[in-house]
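Open your viewer and get ready to click along with this tour. Each stop says what to select and what you will find there.

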Amino acid sequence: MAEMKDSFNEVTAEMLKVISDYDSVTGFQGAYNIRQDSMCAGRKNSENITIESKTDKPGINIRVKPGTKGETVYIPACVTHSDVDDLVYNDFFIGEGADVTIVAGCGVHSDGSETARHNGIHRFFLEKGAKVLYKEKHIGTGKGTGLRKIDPVTDAYLKGDSYLEMDTVQLRGVDRTTRSTSAVLDKGAKIVVRERIMTDGDEDAVTKFKVELNGEDCGADVVSRSVARGNSHQAFYSVIEGNARCTGHSACDAILADNGRVDAQPALNAANVDAALIHEAAIGKIAGDQIMKLCSLGLTREEAEEKIIEGFLK
Amino acid sequence: MLELQNLVWELPGGGSIINGVSCKLGSRLTVITGPNGGGKTSLAKLIAGVEKPTSGRILLDGEDITDLDITGRARLGVAYAFQQPVRFKGLTVRDLLELAAGKKLTADEQCGLLAKVGLCAEEYIDREMSAALSGGEAKRIEIATVLARGAKLSVFDEPEAGIDLWSFARLVETFEDIRSNTSGSLVIISHQERILSIADEIVVVADGKVRTAGPREEILPRLLKGEFTARCPAAFDVHGKAGECNG
């Protein structure tokens, strides 16, 4: 099945607007694959980007031709009711010198008492000099008591001088998430991770990063900003391994409110004398002088806190 | 017109910082000066609502604002430039200026505001107001957020601190410009002769009290003379005729 007509329900339609900036009039511009409740609900290829179903397991292969410039491919996945446990394997093959954006939002909606879960296993294979901006937004919706769970696993393999930027956002509504990301970098490759998470209520979010810096002059920059409110809990684990002359930086910055809890365990493993690795971590409530400053501009205390958090997670 | 009536501010553990200040700040540009530790910054914080006085009243255009919090005073038209600019991870210069102005700003408006503090909007408008900015840059942006408010009363706590000489000259021009082109009044806490020299009125605060107050023409020469005889302007009423500020 190379292409099929779009056919998705209203819950998906609403979620697409949030997770992948879907315009209900013009649709997606470029190649896309819409996954709804473990089925394909729409697909289109472009001249340079092809999407095909896997034959041995659920999921798709996304192939970007070498040298493709400036294209965007959308691969949203939605779970629209409870009692769905979606498991999908998506592999991205990015040709040499290509420069593309991948938008991979995920929404889970629960209206019943059973769990709604999406588990996306992604592998990225970046050829030499390839450049990818990967944008991912996660949301949970619906009033059901069933848990909304998203457990993404991402493994990236970066060949010489390739570049992967992962921009991931999860703001409220996802009850449980465990995100595992690993990357292996060759000579001159770079990975940049910008993660933003906000949890509230009884939500729990765990993120694990493991980056192996194996090639000369490769580098990693992993920055996580998080806000834990209500009775929610978050954990951030990162391991950066420097096995060559390389640069690695990770930062975990967390704001606590109410009874929120955050654990941060950053690890740096250096196995080369020229591996320059740095970690920063800061956890605390919103600084009083920040609230005071915004109040002096006419905001109430509550408005000030919202603004500060909104900016922090922007 | 801002009126302070017998303002007292004591620390919770005892010891008083402001010991009964009564004063009318009615001119377009009032400079509060005096020795370090004399209570100038505390007075500014009491006016802005950052701190609450132990006793005494604060009136803005005849309205008692003593019990209003910082937000309430801001909404009535009090603006306050912090001596130490507050840093934010994530909020940009644009965010702060637009919050201050209470509206979206056009490119021309952004440019106009930042030019007044010697910054180029194109270069700064989308920068985070974070620790990545230098002390001087942050200070200028702090001042710009107060200018953006177009407030009835703007209080600047040592605006010159951390600003280089060239930008400082520009800043003095900016204060003069505000005085002549807007209807709001300015209260500036400063030690700088250049700023004192553009004041309409000068209030000297020392030991938590108003030592003297009056028109610049009257106060400034004595302050300068005092510098020669005793470095501390608080002492100058020994040498000159002390003015009383009775409110």
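A polar contact here is a pair of N or O atoms within 3.5 Å; within protein, one must be able to donate a hydrogen and the other to accept it, and residues adjacent in sequence count only if both atoms are side-chain atoms. This is a predicted model, in which local features need pLDDT of at least 70 and side-chain atom pairs count only at pLDDT 80 or more, while totals for chains, interfaces and linings use all residues. Residues are numbered from 1 along each chain as its sequence is written, chains are lettered from A and ligands numbered from 1 in the order in which they are written, and side-chain values use heavy atoms, with hydrogens and water left out.

**Stop one: a lysine in a loop**

Select A:Lys54, in the loop between strand E3 (49-53) and strand E4 (59-64) of chain A. Helices (H or I, at least four residues) and strands (E, at least two) are DSSP runs, numbered from the N terminus. Is A:Lys54 buried or exposed? At 15% relative accessibility, A:Lys54 counts as buried; the cut-offs are under 20% relative accessible area for buried, over 50% for exposed, and partly exposed in between (1.4 Å probe, protein chains only).

Now show the side chains. That of A:Lys54 makes a polar contact of 2.6 Å with the side chain of A:Asn61, and a polar contact of 2.6 Å joins the side chains of A:Lys54 and A:Asp91. Leaving aside neighbours within four places in sequence, A:Lys54 is in contact (heavy atoms within 4.5 Å) with A:Gly59, A:Ile60, A:Asn61, A:Tyr89 and A:Asp91.

**Stop two: two positive phi angles**

Go to A:Asp161, in the loop between strand E13 (153-158) and strand E14 (163-171) of chain A. Its phi is near 60 degrees, a positive value in a residue other than glycine, and A:Asp161 is exposed, with a relative accessible area of 56%.

Next, pick B:Glu158, in the loop between E7 and H7 of chain B. B:Glu158 has a positive phi of about 45 degrees although it is not a glycine, and this residue is buried, at 14% relative accessible area.

**Stop three: helix H7 of chain B**

Select residues 165-181 of chain B, which form the 17-residue helix H7. From first C-alpha to last, H7(B) reaches 24 Å, close to the 24 Å expected at 1.5 Å a residue; the expected span is 1.5 Å times one less than the number of residues.

Which residues of H7(B) are buried? They are B:Ser167, B:Phe168, B:Leu171, B:Val172, B:Thr174, B:Phe175 and B:Ile178. Among the packing partners of the buried residues are helix H4 (107-116), helix H6 (135-149) and strand E7 (153-157) of chain B.

**Stop four: where the chains meet**

Show both chains. The contact takes 23 residues from chain B and 19 residues from chain A. Together the chains bury about 1800 Å², 63% of it on carbon and sulfur atoms; buried area is the accessible area (1.4 Å probe) that two parts lose on being put together, summed over both. In chain B, B:Phe88, B:Lys89 and B:Leu99 lose the most area to chain A.

How many salt bridges cross the interface? There are five, each a side-chain nitrogen of Lys or Arg within 4 Å of a carboxyl oxygen of Asp or Glu. Finish on B:Glu128, which forms a salt bridge with A:Arg225, the closest N and O atoms being 3.8 Å apart.
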